[in-house]
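Dear colleague,

The structure we discussed is below, for your files. My notes on what was found follow it.

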Amino acid sequence: APFDAAQFHAINILRLHGEAALRGKLEEIKTVENLRSVATASGLVLSARVGKARPSRAELITAIVEAAKHYDAQRSAATA
């Protein structure tokens, strides 16, 4: 089946299940392209370092986790 990035909404996974669960889910994704799709589908803006170069899967996974945490922290502050 084609990869469905929408199943991996990074922010929701982080909020519902925590950082370790999000990282575990991302680890299951085997290609850089699919990881990028998840970032896009999740509405995350990755750091320029990861955006331009050819990052490793590990770098992308870390960037997605960090971006999701950053987004969630901003949202939490906004609704506090």
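**Pocket, helix packing and confidence**

The lining of the largest pocket has six nonpolar, five polar and three charged residues (Ala, Val, Leu, Ile, Met, Phe, Trp, Tyr, Cys and Pro count as nonpolar, Asp, Glu, Lys and Arg as charged, and the others, Gly among them, as polar). This is a predicted model: local features need pLDDT of at least 70 and side-chain atom pairs pLDDT 80 or more, while totals for chains, interfaces and linings use all residues. Residues are numbered from 1 along each chain as its sequence is written, and side-chain values use heavy atoms, without hydrogens and water.

The lining comprises 14 residues, with Val45, Leu46, Ala63, Glu66 and Ala67 nearest the pocket centre. Helix 5 is the largest contributor, giving eight residues. The space in this pocket is about 220 Å³. A pocket here is an open set of points on a 1 Å grid over the protein atoms alone, where a 1.4 Å probe fits, with protein on both sides within 12 Å along at least five of seven lines; lining residues have an atom within 4 Å of a point.

Helix 5 (residues 57–79) also packs against helix 3 (residues 32–41), at an angle of about 10° with the axes 10 Å apart. The two are therefore roughly parallel (angles under 35 degrees, on a scale from 0 to 180 between N-to-C directions). Helices are DSSP runs (H or I, at least four residues). Val32, Leu35, Arg36 and Ala39 of helix 3 meet Arg57, Leu60, Ile61 and Ile64 of helix 5, with contact meaning heavy atoms within 4.5 Å. By class, that contact has six nonpolar, no polar and two charged residues.

On confidence, the chain averages a pLDDT (the predictor's confidence in each residue, from 0 to 100) of 90, and 98% of the residues score at least 70.

Regards

Notes:
Parallel < 35°, antiparallel > 145°, perpendicular 65-115°, else oblique. Points joined across faces, edges and corners; volume = space filled by probe spheres on them.
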